[in-house]
Amino acid sequence: MAELALKLKKELSGVVYIIVVSVLLFVVLAWCDHFLYRIFSSNFFLTWHIFLELSSIVMSFAVFAVTFYTFEESNRLRSMIIACTFLAVSLLDLFHTLSYKGMPVFLTESSAEKATAFWTLARLTMSCGMLASNLVPCDKKVRSCEGLWVLSTIAYSIFWLMVVNYRIDYLPSLFIEGKGLTPLKVYLEYLTILIQLITAVLFLAAYIKGDCEDKGYALIVKGLVFSVFSEMAFTQYTNVYDTYNFLGHIYKIIAYYLLFRALFVQNVQKPYQELRAAESQLGVYVNNLEQLVAQRTAEITAANQSLMKNLEYARNILLALLPNTFPSVKGVKFAARYMPCENVGGDFYNIFRLDDEKIGILIGDVAGHGVSAAMINVFINQNINFKKEYDDGRQKVFTPRGVLMNCYHTYNEMPFPDEAYVVMLYGIYNVVTRKFTYASAGMNTNPLVIRADGQVEVLQADGFPICKFAPYFKPSYKSRTVHLEPGDSLVFYTDGLIEIDPAQPELFSQDKLVEFVKGLKDASAQEICDEIIDAYHALLGDKKMLDDVTVLVVKACKDDV
């Protein structure tokens, strides 16, 4: 409110100053009429008249030009009305100048009556046009039909040119030579003044409210005030060469200069002012850029550190879910290596006792890797059931196929995304019979059996993955059995081990892995794990890991080992 009041005070003070000075000038002329009033010579008056009128014509046409040629960008109806108004005014003022008393013949003989008619038409056209432009909403758009507008304006001007030059007798008299102005001319001047005052008030109100983007409204108001006093001067003259007529032209050129500044100079300067403002803002931004970059870098670093810290917590949680020790069972040894390709991964494994004779062995891979895979990993570890405990101490060990079936149904009850899935293999090793019974839920790698004599068997692993497909399909998991002799090794691994480089799928394929482990028949479980991982790193080189890698080894030993 304070800013608005200051803005109003500033503009009103300028308008009041113009009014006070102009009123005082008219009072002085009235009081000192006997020695200030004079009739100038025709040569002196015509010289100044031509200069002043041509100046106003040039400014009017300039306003038309800049407003008309910016219409293509804005399509604002207000701009087109202003453009056509000042085109008509520039033409009518030109006809007025060429028809002024004392000028050469212009179509017909020049006279005060013709010049007065053109003058009155120009003033009424300017006043009504400016009022009409103000009454049109600022954002009112029209289609690009500017040619029709210009042709209509030219036709309007030529119509009055023909009427005033050849049919002036059809028009009421506005000036009588030797007598001065007719009452109609005076009334028309007062009508022009009234329209200009209303227009000035409307433009001032729009400027104060800030309804539109135009910054020249204050200059338009001042220009219209000067134009009002110009019209007042033209109600007082009795001779077309006298003091009041000259004063009216002086006020007119000042009014047109202010309108020229508002409608032409402001619009021409506006892009450069906006460019300078943008350059200034850019300069400030550049000066602060280093500070802003340092600030943003610090924020990103802090956020990254927080994220890495949270990922480290998640990594520790996942590692805690993996067994750090294996069951100590006579006749069998275990070993495992796990390497996530990111801070957290989707591979998982476990080795645990089910009872005195049975050992549960689990290995799996969640589709993808990263945080989402890790969360599903946690779910699998927390919700998979391997046996049932009864109150009387008895327990029931679930078969591998039963474990996978139960896991499939439990998974489908969870709100996991449809595209997420898990592949896994679960088996039970009987340390007495040395039989390994297993079932696969879409495990995409085949376990290997390294026989004591160096032969390698590839076990079959298929089945349906653990996924959100229960409404459409009920899988049937099949249990298979393999017998281990003392010295035999059972090797499980995830697909990250053999998918080192998509561009070279044969770099460490299953067949090459089979050939490699043939030389590990006499190695311990831990040695087999380490040798396979060392081979993986050798082939990986400086390339980035693409997936998590897990290797799990079960070694059947002699009973006394």
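Is Phe95 buried or exposed? At 8% relative accessibility, Phe95 counts as buried (under 20% relative accessible area; exposed is over 50%, partly exposed in between, with a 1.4 Å probe and protein chains only).

This is a predicted model, where local features need pLDDT of at least 70, side-chain atom pairs count only at pLDDT 80 or more, and totals for chains, interfaces and linings use all residues. Residues are numbered from 1 along each chain as its sequence is written, and side-chain values use heavy atoms, with hydrogens and water left out.

**View 1. Phe95 and Phe106 form a stacked pair.** A search of the whole structure turns up 19 aromatic pairs (Phe, Tyr or Trp rings, Trp by its six-membered ring, with centres within 6.5 Å). Here the centres sit 6.1 Å apart and the planes are at 25°, so Phe95 and Phe106 count as stacked (planes under 30 degrees apart; over 60 is edge-to-face, the rest tilted). Phe106 is buried too, at 17% relative accessibility.

**View 2. Phe379 and Tyr411 meet edge-to-face.** Their ring centres are 6.1 Å apart, with planes at 65°. Phe379 has 9% relative accessibility and counts as buried; Tyr411 is buried as well, with a relative accessible area of 0%.

**View 3. Five rings make one aromatic cluster.** The members are Tyr408, Phe464, Phe469, Tyr472 and Phe473.
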